[in-house]
Amino acid sequence: MWYFFFEKDIQPGVFGSVFRTITHTFLIYTTIGYANTVPVTIGGIIISSLVAIVGTIVGILFLVNVIIGILRTCSIIRRKTEKLFG
């Protein structure tokens with residue numbers, strides 16, 4: 001959303017609507033910067049860099065939580081199996 005305020009006057013064809021701005025933000029979150037358009041103002045560049053960094057951190061935290069969940073589930077299954085079968 002912050003792109004809209006920085007870039008709407010400079011690139012109205014790309015960031016002229018809130019929908020296009022949200023689409024650009026989503027593309028940066030999912031592809032880490034390989035969007036079809038790039039911000040050209042300093043504010044837009046700073047915001048896009050922060051979005052890319054936050055997106056990477058969120059992705060890493062998600063994967064770590066999935067791995068921890070799998071390990072805990074395996075541990076619980078192992079304990080229950082040992083109780084049942086000795």
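Helices here are DSSP runs of H or I with at least four residues, strands are DSSP runs of E with at least two, and both are numbered from the N terminus. This is a predicted model, in which local features need pLDDT of at least 70 and side-chain atom pairs count only at pLDDT 80 or more, while totals for chains, interfaces and linings use all residues. Residues are numbered from 1 along each chain as its sequence is written, and side-chain values use heavy atoms, with hydrogens and water left out.

Q: Which pattern does the protein follow, read along the sequence?
A: The secondary structure of the protein consists of four helices and zero strands. Read along the sequence, the pattern is therefore written with helix symbols, helices being DSSP runs of H or I. The pattern is α-α-α-α.

Q: What percentage of the residues of the protein count as buried?
A: A residue is called buried under 20% relative accessible area, exposed over 50% and partly exposed in between, with a 1.4 Å probe and protein chains only. Among the 86 residues of the protein, the share that counts as buried is 22%.

Q: Is Phe4 buried or exposed?
A: Phe4 is found in helix α1, residues 2-7. Leaving out residues up to four places away in sequence, Phe4 touches Phe15, Gly16, Ser17, Val18 and Thr21, where contact means heavy atoms within 4.5 Å. Because its relative accessibility is 16%, Phe4 counts as buried.

Q: With which residues is Gly16 in contact, leaving aside its neighbours within four places in sequence?
A: Gly16 lies in the loop between α2 (12-15) and α3, and with a relative accessible area of 37% Gly16 is partly exposed. From Gly16 to Phe5, 11 residues apart in sequence, the C-alpha to C-alpha distance is 9.6 Å. The contacts of Gly16 beyond four places in sequence are Phe4 and Gln11.

Q: Which residues does Thr41 touch, not counting those up to four places away in sequence?
A: Thr41 has its place in the loop between α3 (18-31) and α4. Because its relative accessibility is 16%, Thr41 counts as buried. With residues up to four places away set aside, Thr41 touches Phe6, Glu7 and Ile10.

Q: Which residues make the nonpolar surface patch of about 380 Å²?
A: Patches are made of residues with over 30% relative accessible area and no salt bridge, like charges being joined within 9 Å and nonpolar side chains (Val, Leu, Ile, Met, Phe, Trp, Tyr) within 5 Å; a salt bridge is a side-chain nitrogen of Lys or Arg within 4 Å of a carboxyl oxygen of Asp or Glu. Accessible areas come from the Shrake-Rupley method with a 1.4 Å probe, and for residues only the protein chains shown count as cover. One member, Ile42, is in helix α4 and counts as exposed at 63% relative accessibility. The patch is made by Ile42, Ile45, Ile46 and Leu50.

Q: What is the relative accessible area of Lys83?
A: Lys83 has its place in helix α4, residues 42-85. Lys83 is exposed, and its relative accessible area is 75%.
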